[in-house]
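Please work through each task on the structure before reading its solution.

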Amino acid sequence: MSAVVFTADFSSDRQWVAGRSWAYPDGGPTNPGDNKLDHLTADPSYSRTGTFRATRRADGLWDAGLLTTEESAEGFMVRTGDRLDTRVRLPTGSGSWPAIWTWRDGGNEVDVFEYHPDNPDLLELSNHVREGHSYVRDEAVRPGGVIDVSVTFGRRSVVWSLNGERVFADGRGVGSSWHAYLIVNLSVCAGRYHPPPDDATTELSYEVESLVVRRAVHRDSGS
């Protein structure tokens, strides 16, 4: 049995902190070492509606939306054995780099997904805790497409499903005591690994329609 322990309300200041993350150097606002043009912003119009946006700045960077549970009032963390379910509408614009991922104390990163529209049918799935990775191609994955992604953060294997079908089990897992904060964001590629935005593009976006975390419920043996 499992129970819902977290339902994302992106408008909630208790659940989420906007516009900063210790996954970025000094908490942000920029991270050029990761080939990102991001300039994180706490402006609620960039993240609090569930549509994560980025807009071009005059200095060549992009104001970009990011939410994290780290340092929030509730401080929610996913834990070993949890299952995260999310429905997202993928972006269309070149240079978009959407992701849902985990982070704590300089690591503990598991990427629920990453996506780049220049690889239109490909999702990137990664466990950086114990280094398990896969590129998954599927006709449902496409610019502007709506997909359901589920991840179970298993002790011995992290398991990903796409639209209800298992697509990758890494056989590595996260260990028994793993726990980490959630991050949801839209980054912008700087061009080293994927093309940057087209010169005429001034705004990028993608939508997270839902995000829920479930946790196993253990009954007492005498109940």
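Six bridges join strand S10 to strand S11 (residues 132-137), and the two run antiparallel. The model is predicted: local features need pLDDT of at least 70, side-chain atom pairs count only at pLDDT 80 or more, and totals for chains, interfaces and linings use all residues. Residues are numbered from 1 along each chain as its sequence is written, and side-chain values use heavy atoms, with hydrogens and water left out.

**Exercise 1.** Determine which strands pair with S10 and how its side chains are placed.

*Solution.* Step 1: strands are DSSP runs (E, at least two residues), numbered from the N terminus, and two strands pair if DSSP finds at least two bridges between them. Strand S10 covers residues 122-127.

Step 1: besides S11, to which six bridges join it, S10 pairs with S9 (residues 110-115) in the antiparallel sense over four bridges. Asp111 has Ser126 as its bridge partner in S10, while Leu125 stands opposite Ser134 in S11.

Step 2: a hairpin of six residues joins S9 to S10. The hairpin of S10 and S11 has four residues between the strands, and there Glu131 takes a positive phi near 55°.

Step 3: Leu122, Glu124 and Ser126 point one way and Leu123, Leu125 and Asn127 the other, yet all are buried (under 20% relative accessible area, 1.4 Å probe, protein chains only).

**Exercise 2.** Describe the surroundings of Ser187.

*Solution.* Step 1: Ser187 belongs to strand S15 (residues 179-188) and is buried, at a relative accessible area of 2%.

Step 1: contacts (heavy atoms within 4.5 Å) of Ser187, leaving aside residues up to four places away in sequence, are with Tyr24, Lys36, Asp38, Gly95, Ser96 and Trp97.

Step 2: among these, Lys36 has its charged end over the ring of Trp97, 5.1 Å from the centre (the criterion is NZ of Lys or CZ of Arg within 6 Å of the ring centre and within 35 degrees of the ring normal).

**Exercise 3.** How many aromatic pairs does a search of the whole structure find?

*Solution.* Step 1: rings of Phe, Tyr and Trp (its six-membered ring) pair if their centres lie within 6.5 Å; planes under 30 degrees apart are stacked, over 60 edge-to-face, and the rest tilted. The search finds nine pairs.

Step 1: Phe10 and Trp16 form a tilted pair, 5.3 Å centre to centre with 45° between the planes.

Step 2: the ring centres of Phe113 and Tyr206 are 6.3 Å apart and their planes at 80°, so this pair is edge-to-face. Phe113 lies in S9 and Tyr206 in S16 (residues 203-216), so the pair ties together parts 93 residues apart in sequence.

Methods:
Buried means under 20% relative accessible area, exposed over 50%, partly exposed in between (1.4 Å probe, protein chains only).
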